[in-house]
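Me: Hi! Could you walk me through this structure in plain words?

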There are 2 protein chains.
Amino acid sequence: MSSSEPRRSPVMADVARLAGVSHQTVSRVLNDHPNVRGETRERVLAAIDELGYRRNFAARALVTRQTRTLGVVSFDTTLYGPASTIYGIEQAARAAGYFVSIVSLKTLTAAGVLEAIGFLTGQGVDGIVVVAPQRSSARALAALTTNLPTVAVEGGRAGGVPAVSVDQVNGARQAVEHLLEFGHETVWHVSGPSDWLEAEGRLKGWRKALTAAGRPIPEPIVGDWSPRSGYEAGHLLVDQPGLTAVFVANDQMALGLLRAFAERRISVPEEVSVVGFDDIPEAEFFPPPLTTIHQDFGEVGRRSIEILLRRIESGDDGGYERVVVPASLVARASSGQAPRRRTKAAPRSTGRRSA
Amino acid sequence: MSSSEPRRSPVMADVARLAGVSHQTVSRVLNDHPNVRGETRERVLAAIDELGYRRNFAARALVTRQTRTLGVVSFDTTLYGPASTIYGIEQAARAAGYFVSIVSLKTLTAAGVLEAIGFLTGQGVDGIVVVAPQRSSARALAALTTNLPTVAVEGGRAGGVPAVSVDQVNGARQAVEHLLEFGHETVWHVSGPSDWLEAEGRLKGWRKALTAAGRPIPEPIVGDWSPRSGYEAGHLLVDQPGLTAVFVANDQMALGLLRAFAERRISVPEEVSVVGFDDIPEAEFFPPPLTTIHQDFGEVGRRSIEILLRRIESGDDGGYERVVVPASLVARASSGQAPRRRTKAAPRSTGRRSA
DNA sequence: CACGGGTATGTTAGCGGTAACACTCGTCAG
DNA sequence: CTGACGAGTGTTACCGCTAACATACCCGTG
């Protein structure tokens, strides 16, 4: 009778019985304890194999006080950036033998971030990575009094939370300098939402580069990262006199902008040069192929796990720490020489054919 | 002395002491057990609040044999489809009070899928969602002897694993019929990799629709989902006599194809109509805005969790079950009337200007 | 007024591991 | 020859929770 029941999966005691040792010895083998005779170890291993034994996760976690699980809080994991970062995080964590538990936020509010962290804490995660690029969530993090190791991706400016981020400022500067080298008088900017730290960094880099070159700084247009907002920005920009170069804060908006330019018969790069940011896989096939700033999201993910694990495993609070991953320019067809005939001080309607 | 130590987080016994009850009563309150006096409940709740008590996840999991954690195995979570599906899964799971642990595969092999499932099993997940659109992984699933509740997204054809998927066949049919309605003689196809079930479904739907309409079925070109492969396919197609309409198996490849057409001065939709699949956010801003088949990934995620939770919570094996989520056509500018002058049996070089 | 039966609560025994300590041997120094 | 010591192994005590059973008390009833 009892043999027909859906037998419970074997436990350590079963292995011990089969191998003719105590359960503690089994535990020793599993934990690579040195004081186990080779022959005994073999016997235990054989028993484990025969029974298909697997250590019970919960029991182990209960006594060791470690779940070997990392929590990730992220904003909209559908976006290329967060998705790629999480991919890197997951790969690195798994390589180190950690599980990754994810909470994906619809909206990015301080309360939402805190709630998510609370949820993960309830699961007993050993540490948390917050991919929270908004300033509000950075503030939430700063206010966090958890003693749980935490690392922020893009946004740990305030507070003692260590942070890993791509060098937005320098990336933006590269974009602008690239355009200036082509002889453009100045570079316009379509930025991301103002409360995003990444948007802020790119804006700052753009300003710095223009300032350093002594160029006029046009009023930036604020988008929301979506292709649509880039499209709208494009239509606004078309009417700007003297426009020959635009630095768009992400590739998706750049796509929208290119579309708007196409509708208004502005040719890129002959009349206006465009540079994006992110280097999404599609960028190479935009009309025209987009010059953009490449971000190594995988590296960001890896580095953040590296820091987090170091803190978890050493119990070290390590203080504030900031890792900056460089960004690099990928030159493609959307940027080129400034048009020879500048329409510098021309009136509203320039030589371009506009509808 | 002892008060200066980093005090261990409070346990049930601490709450019990503070509330002047036994730890079991605390447990009863936490588990909404009916037999607790209202006043006692209040007192316990107050104590919990005061101490900031949180139930220990591992201890609870150990005794209930449930981790309230769901495992997700997915191929390349960087892609829009998987990322969106996982987003839906995560939202639905969290709403039901479950954690979501993710393993993201670099390559999709049967061994990889099994290893990932093993990894998650080691964490003690209560159930698994496999977002594994390749045929090889579907086979791996079928061979799986785990007694863990499992549900497949796109791909549980073989074996008793329940599956949730978008109606690829019907989606493809809609794409083709849409094109045929515009008077196109036939529709070419750029398919996905042959071992992907989604690619297979779209191919089948395309064939069926053409067969039903009594149209010739051109040789499909096989891509790998990437924009580049679409680009290459585009260059191949340009030389096909009689080409007026193409159904591309995903939007990314469609982008590449549009690029190739642009380089060869083929205008879309005037000379050739193009329809994609997926409806990625960028599609609306492609040159020209892409007519495509919209997939409700969120719904797929939600439905798969629904099935999984039902099986977990009822212990019900439920047998084979298949949920099909409809796909819908989104008509945009890339598709339109077939050109009046058919270049039906024309020689290699047609009236088009080709470089 | 003794008694059955429900309600509110307490007590006890695990869940399946790991850590600490105890024990049994050889081996070797004094 | 004996005691110290370390290697190999076993025994026991938890980790923090829930389930099962035990207990105390209240009520209505014959």
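This is a predicted model: local features need pLDDT of at least 70, side-chain atom pairs count only at pLDDT 80 or more; totals for chains, interfaces and linings use all residues.

Me: How can chain A be laid on chain B?

Reply: A turn of 180° with a shift of 0.0 Å along the axis does it, with an RMSD of 0.1 Å (superposed by least squares on the C-alpha atoms of residues with pLDDT of at least 70 in both copies). That is the relation of a two-fold axis.

Me: Which residue of chain A comes closest to the rotation axis?

Reply: Ser101(A), with its C-alpha at 2.1 Å.

Me: New topic: which residues of helix α4 in chain A are buried?

Reply: In α4(A), residues 57–64, they are Phe57(A), Ala58(A), Ala61(A) and Leu62(A). Buried means 20 or more other C-beta atoms within 10 Å of a residue's own, exposed means 12 or fewer, partly exposed is in between, and C-beta atoms are placed from the backbone. Helices are DSSP runs of H or I, at least four residues, numbered from the N terminus.

Me: And what sits on the face turned away from that buried side?

Reply: The exposed residues Val63(A) and Thr64(A).

Me: What follows α4(A)?

Reply: Arg65(A), whose phi is positive, near 65°.

Me: How much of chain A is buried overall?

Reply: Of its 355 residues, 49% count as buried. The C-alpha trace of chain A spans about 95 × 40 × 35 Å along its principal axes.

Conventions: Residues are numbered from 1 along each chain as its sequence is written. Chains are lettered from A and ligands numbered from 1 in the order in which they are written. Helices (H or I, at least four residues) and strands (E, at least two) are DSSP runs, numbered from the N terminus.
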